[in-house]
Structures are given as C-alpha cells and as structure tokens.
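Hi everyone, thanks for coming along. Let's look at the structure together before I talk you through it.

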Number of protein chains: 2
Amino acid sequence: MSGLPLTFWFDFISPFGYLASLRIDALAARHGREVDWRPLLLGVTVLKVMGLPPVPQTPLKGDYAMRQLARHARRQGVTLGRDPRAAPPNPLPAARLFAWLRVHAPDESKAAAQAIYAAAWRDGLPIDDPETLRAVVTDAGVTQQAVAAGLADPAAGDLLRAEVSAAVAAGAFGSPFVIADGEPFFGVDNLELLDEWLAGCGH
Amino acid sequence: MSGLPLTFWFDFISPFGYLASLRIDALAARHGREVDWRPLLLGVTVLKVMGLPPVPQTPLKGDYAMRQLARHARRQGVTLGRDPRAAPPNPLPAARLFAWLRVHAPDESKAAAQAIYAAAWRDGLPIDDPETLRAVVTDAGVTQQAVAAGLADPAAGDLLRAEVSAAVAAGAFGSPFVIADGEPFFGVDNLELLDEWLAGCGH
C-alpha cells in the first residue's frame with residue numbers, strides 16, 4: 001500500500017465536515033498517512049453541479065440529517081455551539097482565505113482551518129465577519145501580515161474556484177469527502193469504512 | 001433496552017437494499033431483535049416527496065453510488081447478477097405482492113421478499129414479469145393459491161400505498177432504511193452504527 005496523503009474535502013458551512021475534521025488526522029496517522037485539507041463549496045457542488053436543494057430544505061432528509069448530526073456529535077463527545085437548524089454562516093470569506101493560506105502559508109493553513117471550524121461550530125462565532133475571521137486565524141498562528149494579505153488578495157477567489165473545480169473533477173461533492181488512493185468516502189458515517197479500507201480489509 | 005422489532009424499509013429496485021437484506025436479520029438477532037420487513041417505493045419517497053432526481057441520474061452522486069455499491073458488495077462477498085447501471089426492473093408488481101403477502105401470508109412473506117431480492121440482484125431475473133415473479137415466490141414457499149390471489153387482488157395496491165405513506169410518516173425515505181426504537185439509520189453504510197447503537201454504545 002502506498003503512503004500517499006489522503007485528501008479531505010470540506011466546507012466550513014458543514015457541521016458534518018466539522019465532526020470529521022476532528023477525527024481525520026488521527027485516523028490517517030494510525031495508518032501512517034498525512035491528510036491534505038482542501039476546501040469545496042456545497043453551494044457549487046450540490047446546488048449547481050448536482051442540481052439538488054440544500055439538505056436542510058429537503059423533506060425527510062433535512063430531519064434525518066439533524067438526527068444523524070446529533071448522533072455523531074454525541075458519539076464523538078462534541079457539543080455544537082451553533083444551532084444547525086439556524087441560518088449557517090456564509091462560508092465564502094473563510095474558504096477564500098483558507099484557499100489562499102494553503103498556497104502562501106501552508107505550514108499554518110491546517111491550524112487556521114481547524115480554528116475556523118471550532119469558531120463556527122464549537123463557539124458559534126460569525127466566521128463571515130472579517131474581524132472575527134482575522135482574530136480567529138491570527139490566534140491560530142498565522143501572522144497578521146499573512147491574514148491581511150490573504151483577505152485583501154483578489155486571487156484568493158481564483159484559488160478557491162480552482163479548488164472547487166478540482167473537487168468536482170475528483171468526484172468529491174459533499175462535506176466531509178475523503179479520497180484515499182482514488183477511493184472515495186462521503187460523510188462522517190463512512191469514516192469507519194475508510195479506517196477499515198486503509199487497514200487493507202475493505203478492498 | 002426494549003426488545004421491540006426493528007423496521008427494515010426497502011425497495012426491490014435498490015441494490016443497497018438487497019445488500020442490507022442479507023445482513024439485517026442476523027444483525028438484529030445478535031441483539032435479541034426481530035425485524036419487520038416493510039416495502040417502500042423510492043419513486044414516491046425520493047422523487048415525489050423529497051423532489052429529488054434518481055441517484056443514478058444525479059451528477060457525481062451516481063458515480064459515487066456505483067463505487068459505494070461495488071465496495072459494499074465486495075465487503076459482503078456478494079456478486080451482483082445484474083448491472084446496476086442498466087435500467088432496473090419495475091419494482092411495483094413485486095412490491096404490491098409483498099405488501100399483500102405481509103397481511104395475508106405473513107409467515108411466508110419474508111422468505112418471499114428474500115427470494116424476490118435474490119432473483120432481481122443475485123440472478124438478474126426480470127421480477128417485473130408476472131410469471132417470473134410467480135415462480136420465484138412459489139419456490140420460496142408461498143402457495144400457488146396465495147400467489148395467485150395476491151397478484152389478482154386490487155387491494156394489493158392500496159396496501160402498498162399505505163405502506164409507503166407509513167414510511168414517509170416515520171421519516172423513512174431510502175433503501176435500506178432501518179428504524180430501531182424510533183432511531184433512524186439510512187443506508188447500508190450505517191449498519192455498523194445501527195449495530196453499535198443496539199449494543200447500547202451509540203446513544
């Protein structure tokens with residue numbers, strides 16, 4: 001088995017992505033793998049490319065997703081600091097900044113993403129507010145200069161668009177969506193199957 | 001923990017339902033549970049109630065479902081005798097008959113459903129052909145008289161409609177969809193979580 005990094009696709013808007021983000025690095029490490037965190041936008045993949053409505057507005061599935069979310073949060077011992085039925089934060093500013101940091105401050109970019117996720121879903125902070133986003137990301141170890149540059153650089157939007165296109169090209173559409181050696185795993189409810197697959201039993 | 005039966009909702013059109021059907025009774029029995037098999041129609045729940053397109057026609061998700069299906073089939077050691085990308089059989093005649101047998105021949109109805117699923121997905125037989133359906137169900141132990149009565153009784157359609165309405169009322173929309181003490185589990189990829197939940201660890 002190769003030791004290629006896993007790709008972890010996620011959207012800051014997604015509480016399931018948050019739950020997976022708390023597990024994915026440890027899961028991968030148990031199999032000697034690194035994880036490449038990459039941003040996608042459900043507003044593009046699900047709404048535009050797949051042509052589906054948002055899950056919370058889908059009859060039956062919206063209620064099921066809330067049950068599934070509560071179950072997985074309990075299972076992981078996580079308390080959500082934001083009501084998942086309320087209007088979610090706009091993920092675009094954070095996703096643009098993360099796409100920029102991946103390129104220009106790669107060593108700090110994962111910590112920045114983890115801090116943004118915690119701010120959004122553990123602490124219930126408005127990560128679409130520029131000052132909140134700036135504070136969260138600098139607290140995570142990114143320099144003030146880098147955060148300011150990332151927030152100001154119009155190329156951040158292009159970098160994010162390229163990431164979302166890469167996600168679609170790779171067949172990734174949800175959050176979380178993990179790809180391991182070309183094998184796709186969608187949803188926090190497939191992390192055990194990913195674990196089994198990495199152990200070599202699930203081929 | 002109560003010993004109430006689990007409800008296993010499924011559609012004969014669904015290969016994921018077939019894979020789950022091969023595991024659900026043994027899984028439940030490990031926790032001292034029986035399983036009540038009940039029919040639903042994805043053409044009603046997904047297409048009409050949820051307003052979604054069929055998964056095979058949904059960009060990205062259709063391809064993912066095929067990967068997921070192949071993975072779970074390998075994992076269970078199951079070989080599908082029907083190409084899941086080809087047009088599926090019309091599930092209505094079999095679903096109507098099964099809804100009728102649940103009421104009028106309850107002791108043989110589960111064996112009939114298992115035989116229909118095996119015919120459709122293991123053997124690739126046209127279960128929407130009345131003579132095929134008749135042969136499969138009588139081979140499974142239902143009397144010729146009962147099969148003939150079930151195929152001829154117009155009330156079978158009403159019984160099936162009532163089942164589908166009951167599924168929607170219970171929040172069940174997919175195949176497989178298991179409900180255990182009110183807790184919903186959608187998809188063959190959630191059977192391990194169901195197992196864990198029944199063991200009392202997943203609350």
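So, what pLDDT does chain A average? Chain A of this predicted model averages 96, and 98% of its residues score at least 70. As a reminder, pLDDT is the predictor's confidence in each residue, from 0 to 100. For the complex, the predictor gives an ipTM of 0.92 and a pTM of 0.94.

A word on bookkeeping. Residues are numbered from 1 along each chain as its sequence is written, while chains are lettered from A and ligands numbered from 1 in the order in which they are written. Local features need pLDDT of at least 70, side-chain atom pairs count only at pLDDT 80 or more, totals for chains, interfaces and linings use all residues, and side-chain values use heavy atoms, leaving out hydrogens and water.

Now the sheet in chain A. Four strands form an open, mixed sheet in the order β2-β1-β3-β4. Helices (H or I, at least four residues) and strands (E, at least two) are DSSP runs numbered from the N terminus, and two strands pair if DSSP finds at least two bridges between them. The edges are β2 (35–39) and β4 (183–186), each pairing on one side only.

Let's zoom in on β3(A), residues 177–180. Four bridges join β3(A) to β4(A), and the two run antiparallel. Phe177(A) has Phe186(A) as its bridge partner in β4(A), and Ile179(A) stands opposite Pro184(A). Two residues separate these strands in their hairpin, where Asp181(A) takes a positive phi near 50°. β3(A) also pairs antiparallel with β1(A), over three bridges, with Thr7(A) opposite Ile179(A).

Which way do the β3(A) side chains point? Phe177(A) and Ile179(A) point one way, Val178(A) and Ala180(A) the other, and all are buried. Buried means under 20% relative accessible area, with exposed over 50% and partly exposed in between (1.4 Å probe, protein chains only). In a regular strand, side chains alternate between the two faces of the sheet.

Finally, the cores. A nonpolar core is a set of buried Ala, Val, Leu, Ile, Met, Phe, Trp, Tyr and Cys residues joined through side-chain atoms within 4.5 Å. The largest has 49 residues, and Phe12(B), Ile24(B), Val137(B) and Leu194(B) have the most contacts inside it. Helix α6 (residues 106–122) of chain B contributes the largest share, eight residues. A second, separate core of 48 residues includes Ala105(A), Ile116(A), Ala180(A) and Leu191(A), so Ala180(A) brings us back to β3(A), where its side chain is buried.
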